[in-house]
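I opened the notebook to record a few look-ups in one structure.

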Amino acid sequence: MTWQVLVAGPLLAPDERISRAVVRTVPDSVTERLADLGNVPVALPVLVLAIAYAAWHGNRLGAAAAALAMALVPALIIPLKEWTARPGPLEPWAAGYYPSGHTATSAVAYVGAALLVAPYTRRAWPAAVALVLTGATAVGLVLRGWHWPLDVLASLFLCAPLLLAVRWFSRRSIRRSSG
């Protein structure tokens, strides 16, 4: 996707077409609230609470991996934003929209939190809530016109390895503490 953005490849035409078709089809007051779920002051406390909960229950490796994953989000996103300098859907004069930092923040915070608390609930609801919150953030950003669909999709792909690491360390820590 990054290559497509850099060379104005064939994925950009459908990306722009989709964006033009959906931007502002939902009232801004709704889409802004959805997009706000990816703000650091909203998403980070959720992850911090889950980190504290997991560490308290002995999942220190998982907690540390989740904290590191969140710390790596700006380290991954900011250089890509500067390198690609992609303009926004509603602000063609501005740059730095690819990939979406809000989407990355929400994915790592909410899915990371779900990965940390799920072993203690033995239920599927943490993952479902995390996916709904992350999806709502991504949809809100696109519908409001703050990001192109590829921006949010790229962020989700970038965060997948971080979240897989959180899952791996969390499971390893839980197995170690129960064994």
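My entries below cover backbone details, salt bridges, aromatic pairs and one surface patch.

**Entry 1: the model**

I noted first that this is a predicted model.

**Entry 2: backbone**

I checked the peptide bonds. The bond from Y98 to P99 is cis, with omega near -10°. I placed P99 in the loop between α5 (60-84) and α6 (101-121).

I then turned to phi. A85 has a positive phi near 50°, and A85 is not a glycine. A85 sits in the loop between α5 and α6. With a relative accessible area of 38%, A85 is partly exposed.

R24 also went on my list. Its phi is positive, about 65°, although R24 is not a glycine. I found R24 in the loop between α2 (12-22) and α3 (28-36). Its relative accessibility is 45%, so I logged R24 as partly exposed.

**Entry 3: salt bridges**

How many salt bridges does the count come to? I got 5.

I looked at R86 and D15. They form a salt bridge, and the closest N and O atoms are 2.6 Å apart. R86 lies in the loop between α5 and α6 and D15 in helix α2, so this pair ties together parts that are 71 residues apart in sequence. Are R86 and D15 buried or exposed? Both are buried.

I came back to R24. R24 forms a salt bridge with D28, with 2.9 Å between the closest N and O atoms. D28 is partly exposed, at a relative accessible area of 24%.

Next I took R144 and E32. Their side chains meet in a salt bridge at 3.1 Å, N to O. R144 lies in helix α7 (residues 125-144) and E32 in helix α3, so the pair ties together parts that are 112 residues apart in sequence. I compared the cover on each partner. R144 has a relative accessible area of 10%, under the 20% limit, and therefore counts as buried. E32 has 24% and is partly exposed.

Which residues do shared partners join into one network? I wrote down R24, D28, E32 and R144.

**Entry 4: aromatic pairs**

I counted 2 aromatic pairs. In one of them, the ring centres of Y53 and Y120 are 5.6 Å apart. Their planes stand at 80°, so the pair is edge-to-face. Y53 lies in helix α4 (residues 40-56) and Y120 in helix α6, so the pair ties together parts that are 67 residues apart in sequence. I logged Y53 as partly exposed, at 35% relative accessibility. Y120 is partly exposed with a relative accessible area of 27%.

I then took W168 and F169. This aromatic pair is edge-to-face, with 4.8 Å centre to centre and 85° between the planes. W168 is partly exposed at 47% relative accessibility. F169 is partly exposed at 29%.

**Entry 5: surface patch**

Which residues form the positive surface patch? I listed R167, R171, R172, R175 and R176. I followed up one of them, R176, and placed it in helix α8 (residues 149-178). The relative accessible area of R176 is 53%, over the 50% limit, so R176 counts as exposed.

**Entry 6: cross-check**

I went back over R24. R24 has the positive phi, and R24 also belongs to the salt-bridge network with D28, E32 and R144. I marked the loop between α5 and α6 as well. That loop holds A85, P99 and R86.

Technical notes:
Residues are numbered from 1 along each chain as its sequence is written. This is a predicted model: local features need pLDDT of at least 70, side-chain atom pairs count only at pLDDT 80 or more; totals for chains, interfaces and linings use all residues. Side-chain values use heavy atoms; hydrogens and water are left out. Patches are made of residues with over 30% relative accessible area and no salt bridge: like charges are joined within 9 Å, nonpolar side chains (Val, Leu, Ile, Met, Phe, Trp, Tyr) within 5 Å. Accessible areas come from the Shrake-Rupley method with a 1.4 Å probe; for residues, only the protein chains shown count as cover. A salt bridge is a side-chain nitrogen of Lys or Arg within 4 Å of a carboxyl oxygen of Asp or Glu. Lys and Arg count as positive and Asp and Glu as negative; His and the chain ends are not counted. The place of a charge is taken as NZ of Lys, CZ of Arg, CG of Asp or CD of Glu. Helices (H or I, at least four residues) and strands (E, at least two) are DSSP runs, numbered from the N terminus. Buried means under 20% relative accessible area, exposed over 50%, partly exposed in between (1.4 Å probe, protein chains only). Rings of Phe, Tyr and Trp (its six-membered ring) pair if their centres lie within 6.5 Å; planes under 30 degrees apart count as stacked, over 60 as edge-to-face and the rest as tilted.
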